[in-house]
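The report below describes how the chains of this assembly meet and then turns to selected local features. Please read it alongside the sequence and the coordinates.

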Amino acid sequence: MAILEVKNLSKNFGGLMANRDLNLEVEEGEIRGVIGPNGAGKTTFFNVISGVYKPSGGTIKFDGTFITNLSPDKIAELGAVRTFQRVALFPNFTVLENVNIGRHLHARETLFGAVFGMSKHMEIENLEKSRKIVDFLGMTEHQDELASNLPYGLQRALNVAIALATEPRLLMLDEPVAGMNPTEKAEMTRIIRLIRDEMGMTVMLVEHDMRTVMNLCDKITVIDFGEKLAEGLPQEIRENKDVIEAYLGAEDIVA
Amino acid sequence: MDWPTFIQSISNAVILGSIYAIVAVGLALAFGVMQMANFAHGEFFMAGAYVVYVLYALGGMPFPAAVISAFPIVAALGMVTERFVFRPTRGNVLAGFMATAGVAFILQVIVGQVWGVGLMRSVPTPYMGAASILGAQMSWQRLIILPSTLVMVGGLWFFLHNMKLGKALRACAQDVEAASLQGININKITALSMAISGGFAGVAGALMAPINAVTPYMGHSIIVTAFIVVIVGGMASIEGSILAAFILGFIHTFVTTLFDAVLATMAGVAFMAIILVVKPTGLLGRVRM
Amino acid sequence: MPEVIGEYYVEIMILFMINLILASSFRLITTCGDWSLSHVVFMGVGAYATALLAKFLGWPFWGTVLLGGMASAVVGLAVVFPLLRTKGFGFFIGSFALGEFVRLIWVKFHFPFGGPRGMIGIPSIELSDIDFYEATPYYYLVLLFTIGCLAVLYRIDLSRTGRVLKAIYADEDLSKCIGINVARYRAMAFSVSAFFAGIAGVLLAHRLGAIDPKNFDVNTMVYLVIWVVVGGVGSFWGPLIGVAVMMLVGEAARPLAEWRPLLFGGILIAFLTLLPGGLDSLMSKVRELLDRRTADGTKEN
C-alpha cells in the first residue's frame, strides 16, 4: 500500500516554478531517496508535503487521507513528520527535554491538568519513551546537556530524535548527514536503517551525499528543475544517462 | 447631511488628511529605512508646536519663520533619538519602539516643567479671517496647510528621486546589505531619516499650533492616528501613507460630523485592525507585519 | 504585618500585589514570544465587570470576581483571534489598536460605563461580616488572591503547557512540524493571561471605589512594560522583581514630583539599550559566573 501518493504536485513562487507536476508514490516500509542538483526543488518538495508551503496545484495523499492543504501540525498528527535542513531544536532545553517536547502528540494536557499536575502517569511514561529514544541515538551521556551546547553532529542527531518522539508512520529527513564526518555518517545511516527495520517506519530522505543514498535507499527519485527526472533502483539511477548529465561537473555522483 | 455641511466636511477632511500626511510620511520614512518605529513621533509633533509657541507667541518671531525653524529643531531631536535609542536597538523593532516610549515620557516632562502643564491656547492666530470656497468657510490658518503639505511632500519626493543622498536613502530602504556594499554609510542614512522624520512631525505640529490646544500631551491623539495611517498605508510606503492619510482624514471628519470624535477614533482603530488582519502589508506596502 | 507598618504602606502593598498579578500574567504571553500592548485593558474589563455587577445588580464578591476574570478571558479571546495572523511588532501594534477600541467603548458610552468620567461608588466587598472597606482586611484578601494567582501561573510555567509555549518561541516551524497547534496555544496563553489581568482589575476596582478609562490607557500600559523590561521575562520571577524594584524606585523618587516620569523614561531606555534581558538576565549571568568559578575550584583541587 502506498503510504504517500503525490499527484501532479506543483509549487509556484510568483513566477518561479519550484516544483512542476511531480508524481511520486512511496510504499509503506520503504526507504526512499530524493536527490537532485542544488536548486532542483527538493526542499521545496518537502516543505509542500509537510504543510509548510501550500501547493499551487496537485494533490498529496498520506495513508489514504488527503493532506494537500492541511497545516503542518495536522499533518504531523496524522503521522508524517519531517526534519529540517537547518539545525532545528529548542536551545534552552536539555537533550532529554527536547525529545520530551516531541512527545507532544502523545501527551494531552489540559490547563486544569497543568495546574493540578493530573497527568503524572502519562508524564512518567513519556519521559521513559524519550529516554529510550535518546539511548537509541547514542546520546545517553548528553541527555542533560543544553541542546545549544552540543556539537553540530549531535545536534543533527537530536533533530532526528525529536522527530522520532512523535512516533511517525512516515519520517521525512532533510539532508540528515549534511556536514557530518564519515563516522557520524555511518552511524546515522545505521540508525536510519534501524528506524525502518525495527520501528517499521517509512523513511524518505533528501540528500546530496551519494554514497549514503546509494547504500541506504530501496528506491531513488531524481528531481531536476522542479520536475521528476528519473526514478528507480539505486543501480539503475547510477547508470541513468540523464541523471549523470544533470550532475555533470559534480563529483558526488561518482560514489 | 445637507450640502453646506457636506462641502464643509470635505474641506475639513482634506485639511485633516494633509496634516495626517505630513506626520505619517515622516513615520513611514523612518520605518522604511531601518524599521525604526517611533513611539515619540507624537511628542515630536508636540515639540514643533512648542517651537512656534516659544518663538512666535512668546518671542514675536514672524509665524512662517517660526514654523520653518521647527524643522531643524525637531530634526535634531530625531537625530538624538536615532543615535541613542534606535542605533543600539537596531535589529529589534519592538525594543526600539518601546524605548521611544521612554523618549516620549522625557519630552512630555521637560516641556511640561519648563513651559507649564495645562490647557494653553495661547498661540494667537496669525492669519485671521476665512475664505469662502464653494460655500465652505475655511480659515486662512487652515488653508495654509495645503500648500505647506505640497511643498514638503513634493520636496521629499524630489529629494528621494533626484538627489544623491535621497537615492542612497531609498537604496538603504530597499536592501541594507546591498546599500552598504555600495559604500553607503548606513549610520548617516539612519540619522538623516530620523532627522527628516522629526522635521516633518515638527512642522506639522508647528502648523497646528494656532489651531489645536498646545499642551505637553497633545502628542497622544496624533500618535494613534499616525500609526493607524502608516499601518493602513503599508508600514514602509510613503505613497501608501499619503493615500491612507486622506482616507483616514475623510473617515475621521465624516464620522465626527455625523456622530462624534470618539466614534471617529474607534472607526479609525477598527479600520487599522481590519487591515492588519486582512491585508497585513497595508494598502500599498510590501512589508509583512 | 499590616498592623506594624502603617496605613499608607498597607495601601502601597495592596497596589504592589495587584501589580504582581498583572506583571506575572503579562509574562505568560511573552513566553511564547508575543508582546501585547493591550494587557491593562483586560484589567479594565475585570474592573468594569465587577463595578457593573456589584453596583447595579448587587452581586456578591465571589460572583463578580469569577465573572470579571471570565469576561476578561472572553474579551481576550476576541482580541487575540484576529491577531494570530501577526507576530512581533505587528502583533504589538495590532493588540494596541484592538485594546484601544475596547477602551474607547467605555469612553463613548455613558450608559452603562459612565463615559470619560467612569464609574464611582463601587461597593466595598462584604464577606461574612468582615468589612473590606478598611485597608488591613483588604490587604489579606489581596494577599490570598496574589498567592493563589501566582501559584497557578507558576504551575502553568512549569508544566508541559509552559514548555510548549517556550518551544513555540524558540522555534515556531519546528513546533508546528511536531504537531503543536501554535495558534491554539498562543490564543490560550493570551486568554488565560487576560483572565488574571481581569482578577487584578476586580481587586483594583474594589480598592479604589471608582474607575475611569484613563486607569487603563496606554500610559498605564507603558508602566507595565517598564516593570517587565526592568525585571526581565526570562524567568518567572523576573517581572515580579521588576515590579518590586520599580515601585521602590517610584517611592524613593517621590521628591522628584513631576519629574518622575522622566526618570522612568530614562530607565526604560537604559535597560532596553544596555540590558534588554532585564535584571533577570543579570542574575543568570551571575549564576553562570559562580558556576564556572566552582567548576574551576573543583578542577584545581
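A residue is called buried if 20 or more other C-beta atoms lie within 10 Å of its own, exposed if 12 or fewer do, and partly exposed in between, with C-beta atoms placed from the backbone. By that count Gly33(C) is partly exposed, because 18 other C-beta atoms lie within 10 Å. This is a predicted model, in which local features need pLDDT of at least 70 and side-chain atom pairs count only at pLDDT 80 or more, while totals for chains, interfaces and linings use all residues. Residues are numbered from 1 along each chain as its sequence is written, and chains are lettered from A and ligands numbered from 1 in the order in which they are written.

Helices are DSSP runs (H or I, at least four residues), numbered from the N terminus. Gly33(C) sits in the loop between helix 2 (7-31) and helix 3 (39-57) of chain C. Leaving aside residues up to four places away in sequence, Gly33(C) touches Ile168(C) and Tyr169(C), where contact requires C-beta atoms, placed from the backbone, within 7 Å. Gly33(C) and Arg186(C), 153 residues apart in sequence, are 8.9 Å apart in space from C-alpha to C-alpha.

Turning to the chain contacts, two pairs of chains touch, and the pair with the most contacts is B and C. Chains A and B do not touch, their nearest C-alpha atoms being 14 Å apart.

| Contact | Residues from each chain | Classes on the side of chain C |

Helix 11 of chain C is largely enclosed by the rest of the structure, because twelve of its 14 residues are buried, among them Met221(C), Tyr223(C) and Trp227(C). The end C-alpha atoms of helix 11 (residues 218-231) of chain C are 20 Å apart, which agrees with the 20 Å that its 14 residues should span at 1.5 Å a residue, the expected span being 1.5 Å times one less than the number of residues. Gly232(C), whose phi is positive, near 90°, follows helix 11 of chain C.

Methods. Helices (H or I, at least four residues) and strands (E, at least two) are DSSP runs, numbered from the N terminus.
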